[in-house]
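Q: I would like a close look at a single part of this model, with the cut-offs behind each term spelled out.

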Amino acid sequence: MEGLYAITTGVLTACGLYLTLRGRTFPVVVGLTLLSYAVNLFLFSMGGLTTDGATIVDGPASYADPLPQALVLTAIVIGFAMTAFVVILAMRARSEAGNDHVDGREEERQ
Amino acid sequence: MIQHLIVLPVVLPLVAGILTLRSRQGGTRSKRLIGVGATALLVMIGIALLVQAAGGEVSYYALGGWQPPFGIVLVLDRLSALMVLVTAVLALGAVVFACGGDDEKGSNFHGLFQLQLMGINGAFLTGDLFNLFVFFEVLLLASYALLMHGGGKARIQAGVHYVVLNLAGSSLFLIAVGVLYGATGTLNMADMAVRISELPAERAGLVTAGALMLLVVFGLKAAILPLYFWLPRAYAAAPAPVAALFAIMTKVGIYAILRVYSLLFGEQAGPLAGLEQSWIWWLSLATLVAAAMGILAARDLRLMVAYLVLFSVGTLLAGIGIGSVEATSALLYYLIHTTLVTGGLFLLAELIGVQRGKAGTRLVKGRPLKQGGWLAGLFFLGAIAVAGMPPLSGAIGKAFLLIAAEGTQRLWLWPILLGGGLCMMIALSRAGSTLFWRSHGEAAGEVLPRRQWFGVVWLLGASPLLVVLAGPISDYTHATAVQLANPQSMIHALLDGESP
């Protein structure tokens with residue numbers, strides 16, 4: 001399970017980074033979204049991956065660490081708000097500059 | 001009341017912000033009253049906190065009554081009290097300036113301003129690593145909106161870069177926090193410091209990776225060399241009162257570096273102690289060089305002030321890079337000076353730009369200023385302070401720092417810092433003579449409102465005051481540096497209620 005989980009997180013991060021480095025705002029927004037998904041998955045696994053664990057501490061039995069779940073919840077909320085904001089911002093930039101390049105002007109072609 | 005004092009710098013701006021968000025348009029007078037009133041109250045709270053912390057004891061506020069290390073805590077020591085007070089003083093100047101008309105150029109200025117203050121104060125007071133992330137997000141979200149207050153193409157474009165970079169930075173912050181939590185099993189900074197000092201060797205690599213990722217995040221906020229390219233454009237485009245408040249934003253990054261690395265990776269951390277030092281030292285020198293070139297190359301007064309902010313960041317980081325108690329004390333004195341003076345210069349640049357009409361703050365021949373004498377006088381005062389010339393506070397701060405450097409560090413720091421000072425003098429005198437002397441035509445600008453004058457004088461006037469009070473202030477910063485160098489006092493104060 002750990003291997004699959006790590007590969008998933010890694011692929012998401014790589015795709016997110018690649019898209020964030022693109023020149024147009026739409027791929028950048030999608031890239032940031034993927035990046036935040038990857039981060040949430042990563043945070044989720046930080047207490048260690050357990051299956052069939054109790055959700056609360058109950059003696060010596062195996063349990064799932066509740067703290068990362070609370071952290072992920074916070075991170076999801078913040079990430080969601082930020083994505084909404086950046087979408088609106090990208091649309092404003094598109095209408096102000098007349099194109100969707102992140103620098104506000106097209107690259108000069110030879 | 002007195003035991004709730006620590007939480008007030010977070011709660012007061014939150015309540016004031018919500019009150020001003022009641023109506024989107026209109027109600028200017030009541031919004032201004034709430035904004036200025038809350039900020040003035042914040043100054044008083046800051047003074048009360050400083051008095052409480054000056055004795056040297058570390059006190060904490062357990063939110064919801066959950067005791068550390070399990071609950072979230074706000075921690076008050078000398079450093080956080082000082083930062084809260086500096087923020088409040090800066091914010092008061094900026095908000096009074098904004099009441100001169102800038103707040104009506106867009107909606108919800110005062111509400112966003114208060115919420116940003118809440119984020120900044122929270123970041124200074126929190127004792128929990130994840131909570132630091134949350135407060136960073138609060139102050140960033142408010143700053144995104146404030147940066148674009150009033151709209152316009154330049155602001156939106158600078159905003160796109162600023163927002164995207166900071167969102168990527170937030171992701172990295174979360175990864176770093178996750179790594180540190182995975183390796184140590186706690187998020188409370190004092191508890192984490194204990195766990196790191198008892199760290200099994202096989203986890204040292206993980207903690208190092210997490211710590212250096214945190215350094216990248218804080219470096220992005222503080223604008224260290226490879227991560228500063230967003231700063232000049234964003235600061236130059238922001239409305240003047242917002243740019244003035246942003247003068248403290250880079251210092252939030254500096255504060256985070258100081259707090260996290262002195263607490264987690266102090267002497268008790270064993271092999272991991274001081275792992276950030278050499279990185280920060282060399283990058284700070286490179287930042288100083290880049291900033292000096294930017295100051296010389298700037299063709300716009302606001303852009304020049306943005307590079308002056310960058311130069312101050314380099315200076316402060318050099319202090320962290322040296323790492324001794326004297327250097328930390330020097331950088332804290334310099335931090336007070338540079339935050340207030342660069343904030344004042346942003347406000348002053350706006351006034352100059354308004355009176356020059358179409359030429360604005362660009363360094364070209366323009367029409368003469370209507371109140372040129374007063375503005376030139378203030379510019380002269382600000383330029384001397386920021387360039388670090390005697391008799392104003394910049395010189396004292398720089399001298400402290402130069403003395404604190406030892407051995408080969410002197411060989412590097414002295415020429416770069418003093419050469420940078422020369423660059424600043426050349427650039428500022430060239431800018432001043434262009435703005436005030438190379439003019440033609442008739443002066444036509446309007447007389448500036450008194451509130452805007454107050455904002456500028458309040459912030460620039462801090463510089464002579466810092467000289468007059470240099471003795472007590474440097475005593476305080478020295479005590480702060482000693483407290484930072486001994487993280488045990490904070491660990492004891494937070495965790496002693498626990499059975500070991």
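Q: Which residues of chain A does UniProt list for "transmembrane region", and what can be said in detail about the side of chain A that touches chain B?

A: This is a predicted model, in which local features need pLDDT of at least 70 and side-chain atom pairs count only at pLDDT 80 or more, while totals for chains, interfaces and linings use all residues. Residues are numbered from 1 along each chain as its sequence is written, chains are lettered from A and ligands numbered from 1 in the order in which they are written, and side-chain values use heavy atoms, with hydrogens and water left out.

For "transmembrane region", an unreviewed UniProt entry lists residues 6-21, 28-50 and 70-91 of chain A; the positions follow the numbering used here, feature names are shortened, and such annotations may be inferred rather than shown by experiment. In the model, residues 28-50 of chain A are 74% helix and 0% strand, with the end C-alpha atoms 34 Å apart, whereas residues 70-91 of chain A are 100% helix and 0% strand, with the end C-alpha atoms 32 Å apart. Helices (H or I, at least four residues) and strands (E, at least two) are DSSP runs numbered from the N terminus.

Turning to the interface, 27 residues of chain A are in contact with 29 residues of chain B, contact being heavy atoms within 4.5 Å. The two chains, A and B, bury about 2500 Å² between them, 82% of it on carbon and sulfur atoms, where buried area is the accessible area (1.4 Å probe) that two parts lose on being put together, summed over both. Of the area that chain A buries against chain B, Met82(A), Phe85(A) and Leu89(A) supply 21%, more than any other three residues.

Polar pairing across this boundary can be counted as well. Between chain A and chain B there are zero salt bridges, a salt bridge being a side-chain nitrogen of Lys or Arg within 4 Å of a carboxyl oxygen of Asp or Glu. Two residue pairs, both at pLDDT 80 or more, are in polar contact between chain A and chain B; a polar contact is a pair of N or O atoms within 3.5 Å, and within protein one must be able to donate a hydrogen and the other to accept it, with residues adjacent in sequence counting only if both atoms are side-chain atoms.

As for which elements take part, helix 2 (25-44) and helix 3 (66-97) of chain A each supply at least two residues of the side of chain A that touches chain B. Helix 3 of chain A gives the largest share of that side, 14 residues. By residue type, the side of chain A that touches chain B divides into 19 nonpolar, four polar and four charged residues, with Ala, Val, Leu, Ile, Met, Phe, Trp, Tyr, Cys and Pro counted as nonpolar, Asp, Glu, Lys and Arg as charged, and the others, Gly among them, as polar.

Elsewhere, salt bridges do occur: the count over all chains is seven. One of them joins Arg302(B) and Glu350(B), with the closest N and O atoms 3.0 Å apart. Because Arg302(B) lies in helix 13 (residues 301-322) of chain B and Glu350(B) in helix 14 (residues 325-355) of chain B, the pair ties together parts that are 48 residues apart in sequence. Both Arg302(B) and Glu350(B) are buried, buried meaning under 20% relative accessible area, exposed over 50% and partly exposed in between (1.4 Å probe, protein chains only). In another, Lys105(B) meets Asp102(B) at 2.9 Å, N to O; here Lys105(B) is exposed at 54% relative accessibility, while Asp102(B) is buried at 6%.
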